[in-house]
Protein chains: 2
Amino acid sequence: MSLIVIGSIALDDIETPFGKADKIVGGAAPFACLAASYFYEKVKLVAIIGKNFPKSEINIWHDHHINTEGLQIDEKRMNFYWSGKYHTDMNSRDTLETGLNVLEDFDPVIPESYQDCDYLMLANLAPITQQTAIKRLKKRPKLIVMDTMNFWMDIALNDLLDTIKLIDVLTINDAEARQLSGEYSLAKAANKILTMGPKYLIIKKGEHGALLFGEGKIFAAPALPLEDVFDPTGAGDTFAGGFIGYMAKVGTVNFNNMKNAIIYGSALASFCVETFGTEKLKNLTEDALADRIQQFVSLAKFEIL
Amino acid sequence: MSLIVIGSIALDDIETPFGKADKIVGGAAPFACLAASYFYEKVKLVAIIGKNFPKSEINIWHDHHINTEGLQIDEKRMNFYWSGKYHTDMNSRDTLETGLNVLEDFDPVIPESYQDCDYLMLANLAPITQQTAIKRLKKRPKLIVMDTMNFWMDIALNDLLDTIKLIDVLTINDAEARQLSGEYSLAKAANKILTMGPKYLIIKKGEHGALLFGEGKIFAAPALPLEDVFDPTGAGDTFAGGFIGYMAKVGTVNFNNMKNAIIYGSALASFCVETFGTEKLKNLTEDALADRIQQFVSLAKFEIL
């Protein structure tokens, strides 16, 4: 049994109202893998890095028991690069520059030792690459979670529509749910998206929490009001990684377990945004996580008699 | 023991993506009174109407046991009038026209029979008028809840700051909390506003629910994802009225009761937006309300072992 995470690995230049960071490790896969590693010991990475990627980072992943047999290293080309600048509200950002480099023709090879996969996290990547990964698994995983974004809806909608037919859980933000469905009401948007393939839909709303739709039910998870959001990059990837990591830990796919998985994913995401990049996710203690989870419990709890 | 609601009474022209309504009864007080009436039988209104206000509406309020001894009727001047148009996202609107009319020099006279007031709802009005109402009560109520809006922050900030020193609970939306505090983070905004006078702050976030801050604690209430929001006018007033009505019913002012009061207020607001104006609030059944409350319970509930 294992959990495969496939996604981009980036070097990011990030500017927020609180500061700047240059060439830090980012991309969907590192956030998702580290987050998942807090719940599950058999996280297996499928991704590609370029010649300028700091190899020391890989050791940190190994410390988190992340298997990197599926990590391709292209010593001839530069790593995938992204630079962005956040606005004051931290909910919107401008992409300043993107260098696809090694990601341009990334072929997601699944090592033979990964074939016992029960949980597949398709972190943000071109939908066609996500689809290829699904098709290369000899056995259909018990749970396939896919994260995507508006960018792919703009330039690869057909691939995206084909890919979501094959998955179980789709995670997108509210604007993306509206774009994908053409419905403004999130309730209507969810109903429509649930006819497109996924059995469950998670709508990520950043500082407003998240909504889970599926099995004819809805769950609204709160977000912890944070004093400082230092850098939101990777929050969605961390959320998704925490979500599937928790699901792999409990081992039974149902709505109730997904509710808790969303709380755990949200808790990890709340740590993620407290520093630049993956810093905070590298050194979380069990106590700190348990404490944060209790904050979520007390935040949302009420008893109507 | 009684609950006084003081606020505007308007005739509204409203345009939403779903239709238009002309000269329908609106304003903060009708929404708040009707909402409160579902929990508490002794709601007492202080407000003013003009010569063109449909008197039949008053009978409906009487059916809801709303005491209108404090309702002033100016047979010489026109009623307060507002017209607005909502954008597709229903979260933003343009005010097209406002006619203050009778509201311009409204003097909030408190009838002697209202003086046993334990719960005071200062629904949206000029802060100076809200302040006058507080000062005219011989005994300080057990709970003073004040709703206000950005308009008063723009044109009467000093009055507003003076008035919130005298109250217990302030209800504003997220943009207003940011404006009033000068802080973008809602956690920081809340901390700052709680030093300005109110012991509790409720931040209304529309389709994203509400946050309660106070006693060093935070509660996040979800909003029910609705298929159709027909007309959001009055949702905040309904929320506030339901909130204080429920508090008056339970009779003990503390954080836990406020959490439930927010859920009840949110449930009533979720009905409010399903029709134009106060229509839905006039004829709610106990069963429909109980059912809606259960939807909120199941929406927010999770159990982490």
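**Where A meets B.** I looked up the interface first: 38 residues of chain A are in contact (heavy atoms within 4.5 Å) with 38 residues of chain B. This is a predicted model, where local features need pLDDT of at least 70, side-chain atom pairs count only at pLDDT 80 or more, and totals for chains, interfaces and linings use all residues. Residues are numbered from 1 along each chain as its sequence is written, chains are lettered from A in the order in which they are written, and side-chain values use heavy atoms, with hydrogens and water left out.

**Buried area.** I get about 3,100 Å² between chain A and chain B, 57% of it on carbon and sulfur atoms; that is accessible area (1.4 Å probe) lost when the two parts are put together, summed over both. A:Glu227, A:Phe302 and A:Ile304 supply 21% of what chain A buries against chain B, more than any other three residues.

**Salt bridges.** I searched for a Lys or Arg side-chain nitrogen within 4 Å of an Asp or Glu carboxyl oxygen, and the rule finds four across this interface. One I noted is A:Arg178 with B:Glu207, at 3.2 Å, N to O.

**Sheet in chain B.** I traced an open sheet of nine strands with mixed pairing, in the order S5-S4-S1-S8-S9-S10-S11-S12-S13. Strands here are DSSP runs (E, at least two residues), numbered from the N terminus, and two of them pair if DSSP finds at least two bridges between them. The edges are S5 (66-74) and S13 (217-221) of chain B. I then checked S12 (210-214) of chain B, which is joined to S13(B) by five bridges and runs antiparallel to it; B:Ala210 stands opposite B:Ala221 there.

Technical notes
Helices (H or I, at least four residues) and strands (E, at least two) are DSSP runs, numbered from the N terminus.
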